[in-house]
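Here is a short tour of a protein model, written for someone who likes cut-offs spelled out. Keep the viewer open as you read.

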Amino acid sequence: QAFIVDLNDGTLAELKHLPGIGAVLAERIVAHRASHGAFRRVEDLVLVPGIGEKRFQQLRPFVAVRKPTSGIGMGS
């Protein structure tokens, strides 16, 4: 069973479990979505500093981007 993390709601702890992602890169992913908004597709992961094409290919089977719901940003 593959462990799939949604890039838009994965926690720091979940992101750190991804192959090749440690605390620093996990924090960069969270910071990127905080400053740029939700990831629209998994390929946008390469926009995060420190994640190049090689690392992205390693991560691709383990990440997903769910379509944002209309309630995004509306609180809980």
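A23 counts as partly exposed, because its relative accessibility is 38%; here buried means under 20% relative accessible area, exposed over 50%, and partly exposed in between, with a 1.4 Å probe and protein chains only. A23 sits in helix 2, and its C-alpha atom is separated by 7.6 Å from that of L12, 11 residues apart along the chain. Helices (H or I, at least four residues) and strands (E, at least two) are DSSP runs, numbered from the N terminus.

Before going on, a word about where the values come from. This is a predicted model, in which local features need pLDDT of at least 70 and side-chain atom pairs count only at pLDDT 80 or more, while totals for chains, interfaces and linings use all residues. Residues are numbered from 1 along each chain as its sequence is written, and side-chain values use heavy atoms, with hydrogens and water left out.

**The overall layout**

The protein has three helices and two strands, and from the N terminus on these elements run β-α-α-α-β. Of its 76 residues, 29% count as buried. The protein exposes about 5100 Å², and carbon and sulfur atoms supply 56% of that area; accessible areas come from the Shrake-Rupley method with a 1.4 Å probe, and for residues only the protein chains shown count as cover. Contact means heavy atoms within 4.5 Å. Among contacts between residues at least 6 apart in sequence, 49% join residues at least 24 apart.

Which residues of helix 2 are buried? They are L25, A26, I29, H32 and R33. These residues cover an arc of only 120° around the axis, which puts them on the same side of helix 2; the arc is that of the directions from the helix axis to the C-beta atoms. An α-helix has 3.6 residues a turn, so residues three or four places apart point the same way. The buried residues of helix 2 pack against helix 1 (12-16) and helix 3 (53-59). On the face turned away from the buried side are the exposed residues V24, A34 and S35.

Leaving aside residues up to four places away in sequence, H32 touches G37, F39, L47 and V48.

**The nonpolar core**

A nonpolar core is a set of buried Ala, Val, Leu, Ile, Met, Phe, Trp, Tyr and Cys residues joined through side-chain atoms within 4.5 Å. The largest one holds 17 residues, of which L7, L18, I21, I29, F39, L45 and I51 touch the most other members. Helix 2 and helix 3 are the elements that give two or more residues to this core, and the largest share, three residues, comes from helix 2. With residues up to four places away in sequence not counted, L7 touches R33, F39, V42, L45, V63, A64 and V65.

**Salt bridges**

Side chains of opposite charge can pair when their charged atoms come close. A salt bridge here is a side-chain nitrogen of Lys or Arg within 4 Å of a carboxyl oxygen of Asp or Glu, and a search of the whole structure finds five. Among them are these:

| Salt bridge | Closest N and O atoms |
|---|---|
| R66 and D6 | 3.1 Å |
| E43 and R41 | 3.8 Å |
| R60 and E43 | 2.5 Å |

In the R66 and D6 salt bridge, R66 lies in the segment after strand 2 (63-64) and D6 in strand 1 (residues 5-6), so the pair ties together parts that are 60 residues apart in sequence. R66 is exposed, with a relative accessible area of 54%, whereas D6 is buried at 5%.

E43 is partly exposed at 25% relative accessibility, and R41 is partly exposed with a relative accessible area of 47%. R60 also counts as partly exposed, at 36%. Salt bridges that share partners join R41, E43, D44 and R60 into one network. The R60 and E43 pair links distant parts of the chain, with R60 in the loop between helix 3 and strand 2 and E43 in the loop between helix 2 and helix 3, 17 residues apart.
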